[in-house]
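I opened a new page for this chain. These entries record what I looked up, in the order I looked.

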Amino acid sequence: MQNNTVETLIGAIVVVVAVVFLYFAYASTSTAGLSGYEVDAKFQRVDGLNVGTDVRLSGIKIGTVSALTLDPRTYQATVHLNIRKDVKLPDDSSIMVTSTGLLGSSYLSISPGGSDQMIASGGSIKNTQGSVDLMSLIGRFASGAGSSAPAPAPNPAPSEHP
């Protein structure tokens with residue numbers, strides 16, 4: 001009888017720890033209470049982006065990616081963003097896919113424009129720069145195809161003057 005009580009007590013402690021862990025994970029990902037306005041942007045490439053990817057302005061998280069869709073006519077990736085309602089973006093802002101380092105995770109970086117007009121809810125960011133295919137860049141560098149400088153001309157033989 002005493003053995004069953006100890007096992008039940010340990011099981012209850014495990015369940016409480018699991019619930020606390022799930023609550024902490026939910027609260028720390030900032031998905032709880034995400035409210036703002038929707039903006040979209042079209043990219044040629046969005047390698048490394050997923051739903052929940054950070055959207056940053058000056059290095060500060062101002063939103064997340066809420067959905068990724070493919071435009072069937074242009075074959076461009078449409079990225080739907082949820083931006084905090086206290087952050088207003090000028091309509092000439094630009095956005096690019098970047099990463100935290102060479103092997104770091106990808107995120108979207110917004111550079112604000114100088115326009116007096118702001119992007120309304122449901123609007124879009126027109127100036128976009130997609131992700132860079134790192135493997136093709138490395139391949140081009142390794143094969144020498146990325147070199148645009150001409151090879152130096154060989155030195156001519158010195159001429160002898162009488």
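Which residues form a nonpolar patch on the surface? I found Val6, Ile10 and Val14, which together have about 260 Å² of accessible area. I note that the model is a predicted one.

Entry on Ile10. I located Ile10 in helix 1, which covers residues 2-28. Its relative accessible area is 51%, and the cut-off for exposed is over 50%, so I wrote Ile10 down as exposed.

Entry on Gly63. I looked up Gly63 next and found it in strand 3, residues 60-70. Gly63 has 5% relative accessibility; buried means under 20%, so Gly63 counts as buried. I then listed what Gly63 touches, leaving out residues up to four places away in sequence: Thr53, Asp54, Val55, Asn82 and Ile83. For one of these, Asn82, I checked the C-alpha distance to Gly63 and got 5.4 Å, although the two residues are 19 apart along the chain.

Entry on rings. I searched for aromatic pairs and the count was zero. I did find Arg56 over the face of Tyr107, at 4.1 Å from the ring centre.

Entry on the whole chain. I counted two helices and eight strands. Along the sequence they follow the pattern α-β-β-β-β-β-β-β-β-α. The chain has 162 residues, and 23% of them count as buried. Last, I looked at contacts with a separation of 6 or more: residues 24 or more positions apart account for 62% of them.

Methods:
Residues numbered from 1 in each chain as written. Predicted model: local features only at pLDDT ≥ 70, side-chain atom pairs only at ≥ 80, totals over all residues. Heavy atoms only, no water. Helix = DSSP H or I, 4+ residues; strand = E, 2+ residues; numbered from the N terminus. Buried < 20%, exposed > 50% of the residue type's maximum accessible area, 1.4 Å probe, protein only. Contact = heavy atoms within 4.5 Å. Patch = residues over 30% accessible without salt bridge, like charges linked within 9 Å, V, L, I, M, F, W, Y side chains within 5 Å. Areas by Shrake-Rupley, 256 points an atom, 1.4 Å probe, with all protein chains shown as cover. Salt bridge = Lys/Arg side-chain N within 4 Å of Asp/Glu carboxyl O. Phe/Tyr/Trp six-rings, centres within 6.5 Å; stacked < 30°, edge-to-face > 60°. Lys NZ or Arg CZ within 6 Å of the ring centre and 35° of its normal.
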